[in-house]
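Work through the following exercises with the sequence and the model open. Try each task before reading its solution.

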Amino acid sequence: MGKAQFDQHSGDQMLKTENKKMVDSPKAFDAISIPMGIFFTVFFSVVYYLLIRWREKIRNSTPLHVVNMSEMAAIITFFASCIYLLGFFGMNFVQATPFTETEEEDEVEEETTPCGASVIRESDIVSVKEVMKKEVETVIVATDTVVTEEDEEVIQAVVSGRTPSYSLESKLGDCKRAAFIRRVALERITGKSLEGLPLEGLDYESILGQCCEMPVGYVQIPVGIAGPLLLDGMEFSVPMATTEGCLVASTNRGCKAIYVSGGATSVLLKDGMTRAPVVRFATAKRAADLKFFLEEPLNFGTLASVFNKSSRFGRLQTIRCAIAGKNLYIRFTCSTGDAMGMNMVSKGVQNVLEYLQADFPDMDVIGISGNYCSDKKPAAVNWIEGRGKSVVCEAVIPEEVVKKVLKTDVASLVELNMLKNLTGSAMAGALGGFNAHASNIVSAVYLATGQDPAQNVESSHCITMMEAVNGGKDLHVSVTMPSIEVGTVGGGTQLASQSACLNLLGVKGANRECAGGNARQLAKVVAGSVLAGELSLMSAIAAGQLVKSHMKYNRSSKDVSAKP
């Protein structure tokens with residue numbers, strides 16, 4: 001090879017080498033680069049933001065796969081940054097890789113400017129975008145937030161009204177998926193976000209046909225423990241589901257006062273659920289004829305056998321009637337085992353009404369419930385006659401305990417109880433409300449143990465009595481509650497969380513040894529907890545501590561501004 005040829009060949013090789021270096025080196029990549037200071041600031045800011053958001057979701061029990069627009073933008077930026085880093089720092093590795101002559105030729109076949117700098121082709125940018133898109137799609141699928149095409153079709157059908165929302169469970173055969181689709185459809189219809197309302201963590205199969213229709217999630221209520229409550233020689237840790245600060249702490253203080261005083265004693269006075277249908281006749285005389293027939297003792301055996309045939313546990317106890325013109329209200333009372341028993345007593349009532357139709361064909365049944373029961377409404381009939389479990393609970397608190405634990409004195413408590421719970425309630429025309437806050441404790445225990453929270457209305461009927469005993473040194477305190485409506489089987493008691501709370505009290509499910517024993521024990525625990533709550537709150541009021549304690553435990557500085 002001649003010198004000129006050699007120089008020409010060497011020049012070509014040097015040109016190829018220089019062009020290759022410019023393509024492979026980070027300096028060539030600077031054509032689409034950004035200042036590294038700005039890049040790393042954005043990169044670490046995105047990572048920090050995502051970590052903070054995920055930590056908040058874990059604390060709030062929000063599913064990690066629920067992603068809003070800002071989080072989606074952060075995820076896209078994160079993966080784009082990773083791709084950029086691979087392109088920036090990976091070039092040295094590519095440059096160090098040996099190439100064959102053919103591969104080297106292919107590498108140098110990039111367009112160059114007259115100065116030799118490489119130019120990134122549009123096809124390369126498109127490829128990067130496709131990679132980024134695939135990465136993001138992978139993340140979305142992995143976190144389960146994507147709406148599949150099949151789900152999208154169902155969602156659009158619900159939004160348009162072609163598919164009723166209530167029919168999703170039966171159509172899909174998957175209760176959780178039905179809740180998810182209903183939730184997305186609701187957000188689209190209303191334009192409001194349900195972020196913060198959990199979807200994950202609930203067995204939607206367990207509530208189907210029993211607890212809730214058309215679910216879109218569930219509400220979280222904190223559960224605190226008051227106790228131990230020493231009642232009838234047994235200790236109970238009382239679960240209370242509430243969002244009211246001070247309530248659990250106050251009840252716990254009352255439990256302590258009762259415990260160090262030797263405990264409380266309870267007595268079950270009655271146990272019977274009621275249902276009262278209303279029937280109508282052409283004349284008041286015919287209505288009276290049926291009243292006399294039902295209240296005749298000789299007919300009770302026959303009516304009881306008809307009533308009892310639909311249940312192993314439902315046993316008719318009494319029948320009481322009231323007339324309003326030609327309308328007759330018939331109040332049936334029956335035992336219901338460990339169930340709260342509304343459905344049980346309703347089936348028995350239906351049996352009796354069908355039986356009576358033969359002897360009283362002119363009887364017109366207006367309704368299976370005529371409000372003489374009376375369910376979920378304050379009513380004198382419940383206050384006087386009772387409904388569900390009627391319980392009285394009492395304790396004697398020594399003077400020393402009143403002073404050291406309750407921070408007040410016996411005389412002040414007795415006077416406050418008379419002027420507040422008795423005279424004050426009478427002035428207000430209260431119906432069964434001769435107490436300080438019985439409904440607070442009843443509601444909290446009901447929510448924790450799966451009871452019907454609406455029955456808090458009559459279950460909170462309570463009269464609190466306080467009296468100085470033993471020469472005025474000690475305090476006798478009692479609560480009388482004539483209509484505590486509870487059960488340990490059926491309804492919300494079978495849900496996992498509520499079932500766990502019942503198990504904590506030792507009253508989960510049916511009592512195999514004594515039918516109804518668990519439900520009766522739960523009613524006593526409710527009364528004992530109310531006794532503790534009454535004792536503590538009244539002491540706080542007597543000592544002037546109520547406002548101070550609520551300012552400390554029942555206020556929050558957290559921003560709860562509404563989100564769109």
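**Exercise 1. Find which residues of helix α12 are exposed on the face turned away from its buried side, and describe the buried side as well.**

Solution. The model is a predicted one.

Step 1. On the face of α12 turned away from the buried side, the exposed residues are Lys285 and Phe292.

Step 2. The buried residues of α12 are Ala287, Ala288, Leu290, Lys291 and Leu294. Viewed along the helix axis, these buried residues fall within an arc of 160°, so they line one face of α12.

Step 3. The partners of the buried residues of α12 are β4 (278-280), α13 (297-308), β5 (315-324), β6 (327-335) and α14 (342-359).

**Exercise 2. For Lys291, say in which helix it lies and which residues it contacts beyond its neighbours within four places in sequence.**

Solution. 

Step 1. Lys291 belongs to helix α12, and is one of the buried residues there.

Step 2. With neighbours within four places in sequence set aside, Lys291 is in contact with Cys321, Ile323 and Leu328.

Step 3. Another pair to look up is Lys291 and Tyr329: they are 38 residues apart along the chain, and their C-alpha atoms are separated by 8.9 Å.

**Exercise 3. Locate Ala276, decide whether it is buried or exposed, and list its contacts away from its sequence neighbours.**

Solution. 

Step 1. Ala276 sits in the loop between β3 (265-275) and β4.

Step 2. A residue is buried when its relative accessible area is under 20%. Ala276 has 0% relative accessibility, so Ala276 counts as buried.

Step 3. Leaving out neighbours within four places in sequence, Ala276 contacts Ile330, Arg331, Ile368, Ser369, Gly370, Asn371, Tyr372 and Cys373. For Asn371, the separation from Ala276 is 95 residues in sequence and 6.8 Å in space, C-alpha to C-alpha.

**Exercise 4. Sort the buried and exposed residues of helix α20, and name the elements that its buried residues pack against.**

Solution. 

Step 1. Helix α20 covers residues 496-505, and its buried residues are Gln498, Ser499, Cys501, Leu502 and Leu505. These residues cover an arc of only 160° around the axis, which puts them on the same side of α20.

Step 2. Ala496 and Ser497 are exposed on the other side of α20.

Step 3. The buried residues of α20 pack against β1 (223-231), β2 (234-241), α18 (438-449) and α21 (517-542).

Step 4. Just after α20 comes Gly506, with a positive phi of about 80°.

**Exercise 5. Which residues make the nonpolar surface patch of about 410 Å²?**

Solution. 

Step 1. The patch is made by Leu51, Trp54, Ile58 and Leu64.

Step 2. Leu51 is found in helix α3 (residues 36-59). The cut-off for an exposed residue is over 50%, and Leu51, with a relative accessible area of 51%, is exposed.

**Exercise 6. Give the share of buried residues and the numbers of helices and strands in the protein chain.**

Solution. 

Step 1. Of the 564 residues in the protein chain, 41% are buried.

Step 2. The protein chain has 22 helices and eleven strands.

Technical notes: Residues numbered from 1 in each chain as written. Predicted model: local features only at pLDDT ≥ 70, side-chain atom pairs only at ≥ 80, totals over all residues. Heavy atoms only, no water. Buried < 20%, exposed > 50% of the residue type's maximum accessible area, 1.4 Å probe, protein only. Helix = DSSP H or I, 4+ residues; strand = E, 2+ residues; numbered from the N terminus. Arc of directions from axis to C-beta. Contact = heavy atoms within 4.5 Å. Patch = residues over 30% accessible without salt bridge, like charges linked within 9 Å, V, L, I, M, F, W, Y side chains within 5 Å. Areas by Shrake-Rupley, 256 points an atom, 1.4 Å probe, with all protein chains shown as cover. Salt bridge = Lys/Arg side-chain N within 4 Å of Asp/Glu carboxyl O.
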